Amino acid sequence: VTFSGFFTKRDVTCLEKHSNMIVIDIDHIANVEEIKQKLINDDYFPTLLLFRSPSGDGLKWVIPIDITEYTHEDWFTSIANYLQFTYK
């Protein structure tokens with residue numbers, strides 16, 4: 001599944017249309033349920049979808065982004081920084 005858009009093949013250079021969603025993959029966390037509840041209740045980013053990763057010790061967080069303002073990569077970097085600062 002490629003939540004972030006429609007691709008002709010699974011390669012960033014083959015993106016045909018962005019979905020205005022991004023998936024944040026959070027791996028190897030000890031307190032999965034606690035972090036899950038915090039993300040669901042996050043005041044800044046609305047949760048579209050949140051589920052435990054197949055490994056069992058991580059989460060997949062799908063949130064909306066506006067790629068007319070910033071690139072997908074810019075959003076990813078900003079969200080990663082936000083998570084590190086907010087949920088240390």
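Start by selecting Tyr-44: this residue is exposed, at 59% relative accessible area (exposed means over 50%, buried under 20% and partly exposed in between, with a 1.4 Å probe and protein chains only). Before going on, note that you are looking at a predicted model, where local features need pLDDT of at least 70, side-chain atom pairs count only at pLDDT 80 or more, and totals for chains, interfaces and linings use all residues. Residues are numbered from 1 along each chain as its sequence is written, and side-chain values use heavy atoms, with hydrogens and water left out.

Rings of Phe, Tyr and Trp (its six-membered ring) pair if their centres lie within 6.5 Å; planes under 30 degrees apart are stacked, over 60 edge-to-face, and the rest tilted. The whole structure has six aromatic pairs.

Next, pick Tyr-70 and Trp-75. Why is this pair edge-to-face? Because the planes sit at 80 degrees, with the ring centres 6.1 Å apart. Trp-75 counts as buried at 17% relative accessibility, while Tyr-70 is partly exposed at 47%. Look for Tyr-70 in the loop between β5 (59-64) and α2 (72-86). Helices (H or I, at least four residues) and strands (E, at least two) are DSSP runs, numbered from the N terminus. If you also click Phe-6, 64 residues away along the chain, its C-alpha atom is 19 Å from that of Tyr-70.

Time to go inside. Which residues touch the most other members of the largest nonpolar core? Select Ile-22, Ile-24, Leu-39, Leu-59, Trp-61, Ile-79 and Leu-83, out of 16 residues in that core. A nonpolar core is a set of buried Ala, Val, Leu, Ile, Met, Phe, Trp, Tyr and Cys residues joined through side-chain atoms within 4.5 Å. At least two core residues come from each of β3 (21-26), α1 (32-40), β5 and α2. Zoom in on Leu-83: leaving aside residues up to four places away in sequence, this one touches Ile-24, Ile-26, Leu-39, Trp-61 and Lys-88 (contact means heavy atoms within 4.5 Å).

Last stop: Ser-53, in the loop between β4 (49-52) and β5. Buried or exposed? Ser-53 is buried, at 6% relative accessible area. Setting aside residues up to four places away in sequence, its contacts are Gly-58, Leu-59 and Lys-60.
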